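I shall speak briefly about one model, and I would ask you to keep the display in view as I proceed.

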Amino acid sequence: MRKLLALGLVGGLLAVGAQGVMADENAELVIDGKTFVTKLKAPADSPFDEILSGWRFRTDETQALQLDDFENPAMISAQYGEELWNTADGADGKSCADCHGDASESMKGLRAQMPKWHEGKKTLFALEDHINWSREEHQKAKPWKWESQEMVAMTAYIGLQSRGMPVNVKIDGPAQEWWEKGKELYYTRVGQLDMACSHCHENNYGNMVRADHLSQGQINGFPVYRLKWQGMGSIHRRFKGCMDNIRATPYKRGSDEFTALELYLASRGQGLSVETPALRN
Amino acid sequence: MQMTRRDLFALAAGLAAAGLISLPADASTDAVEAAIKEFAGGMPETGGVDIGAPEIAENGNTVPIEVFADGAASIMILAAGNPNPGVGTFHFTEMSAESRASTRIRLAKTQDVVAVAKMADGSTKMARREVKVTIGGCGG
Amino acid sequence: MANIKPRVKVPKKAKAGEAIVIKTLISHPMESGQRKDSKTGKLIPRKIINKFVATYNGKEAFSMDLLPAIAANPYIEFSVKLSESGTMRFEWTDDDGSVYDIENKITVA
């Protein structure tokens, strides 16, 4: 009985109609002459036929804001990240650049592999964990808060160095356990609305929840500048928003649950181009 | 007297017709007119101003707008359905290649965007354009 | 927000009399004065960029008055035609009196 009710609710939420604000299906994301992979045929074991970047679900006007790095307000954050990269911090008075040099070389490809198993700490690291670990370990600096302007700017700047590269996370070895945990979370019903991620983002992507066009919940563009937020936010902030919406008690940003979910979601978007820092509605 | 719902509707409609209560309307209709008159010194004729805007804005927080009025010295933008209608005013000069400018604005709901142009000779023109703003059902 | 940064996109070279497009963006929350603090329930005071001016060799080329209905991180695009080389100076004035500025040289041939 409980199941039926929940289904009815989902059906009620999804007003599948002509109301939708759809973008041109053939539009391509091209930045500085480089075409990004925003659509690809999914492998046999994927729940999707086609893997689609969130960019494809936005209107023409929203899409356009990501086509030009000057017009994309997310680039301001990445620019601030570059400044922080070159600024000394912590008791040792070192900057990121003092050890890592030119980020466009040393950080290239990192974002595409995150989250990633960290052998030293024996845990799964999101990019934020990596940054804070390095701040404490190498700079003797205080860790940044997950959603602080500095942390988001740094993940945007480091992520930018992988822009255009295919998402390529490792889900075997010690990461496998985390991936399984993330998968379990993805399909587990939670909250007063008793919904799982899959109800919207696997079974109903492309449909409308009232005025919102549901995407596949791909995370290849994070951190993103979101029009709703009028600012930048992390992947975990987005997870929290989703959980709030289905009236569930959200996990904490940086929690094992969210990092496991991040790995699982990243794996569902293998092959999409990293779009960091992207723009969404 | 016991009132049915139908009676209430009839009463409300009657009162509205008599101008005693106002049916839901933009609170700022007067403010819009006042702002136009203050800027233009009267109600300008319609036409001669182009407003470029999405038909449907995905998010009211950031709506791209472009205005153009050939020969305008300044163009004021109003959002007729916002709590405060003022948005901003562009001022052009002899160095302007043309009297055209773009920005991004906030729209609280579906409404008319109004652009009023003041020409170098003091004459004025205006245009209106509806922009639908989608209110999200979700979107975290 | 301690980190307010202006950015402009200006061509380095232009032909005399040719229309060139100038794009500007400044990171600023444009706090409208109508939002309530979710914790205290009190209105957050208005703090916006209220004026933007572009001058070329000291002469006003374009300006804009901004109100709270301008989106966060104000984006302004306009066009100019120039007859001589010089410096374009951009100034954004904040409600608190701060002025953020940036300058760009343009070679006109």
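Let me begin with chain B, whose secondary structure comprises two helices and nine strands. Please bear in mind throughout that this is a predicted model. Read from the N terminus, the order of elements in chain B is α-α-β-β-β-β-β-β-β-β-β. Chain B has 140 residues, and 44% of them count as buried. Among its contacts with a separation of 6 or more, 61% join residues 24 or more positions apart.

I turn now to chain A, and to helix α11, which spans residues 235–245. Which residues of this helix are buried? They are A:Ile235, A:His236, A:Arg238, A:Phe239, A:Gly241 and A:Met243. The elements of chain A that cover these buried residues include α6 (110–113), β9 (224–226), β10 (231–233) and α12 (256–268). Just after α11(A) comes A:Arg247, with a positive phi of about 55°.

Chain A contributes 14 residues to it and chain C contributes 15 residues. Between them, the two chains bury about 1300 Å², with 56% of that area on carbon and sulfur atoms. Seven residue pairs are in polar contact across this interface, both residues of each pair being at pLDDT 80 or more. On the side of chain A that touches chain C, helix α3 (residues 74–85) gives the most, with five residues. That side of chain A divides into six nonpolar, four polar and four charged residues.

How many salt bridges are there between chain A and chain C? The count is four. In one salt bridge, the side chain of C:Lys23 meets that of A:Glu71, at 2.8 Å from N to O.

Leaving aside neighbours within four places in sequence, C:Lys23 is in contact with A:Asp68, A:Phe70 and A:Glu71 from chain A. From chain C, its contacts are C:Arg7, C:Val8, C:Lys9, C:Tyr75, C:Ile76 and C:Glu77.

Thank you for your attention.

Terms used. Residues numbered from 1 in each chain as written. Chains lettered and ligands numbered in written order. Predicted model: local features only at pLDDT ≥ 70, side-chain atom pairs only at ≥ 80, totals over all residues. Heavy atoms only, no water. Helix = DSSP H or I, 4+ residues; strand = E, 2+ residues; numbered from the N terminus. Buried < 20%, exposed > 50% of the residue type's maximum accessible area, 1.4 Å probe, protein only. Contact = heavy atoms within 4.5 Å. Buried area = accessible area lost by both parts, 1.4 Å probe. Polar contact = N/O pair within 3.5 Å; in protein donor to acceptor, adjacent residues only side chain to side chain. Nonpolar A, V, L, I, M, F, W, Y, C, P; charged D, E, K, R; others polar.
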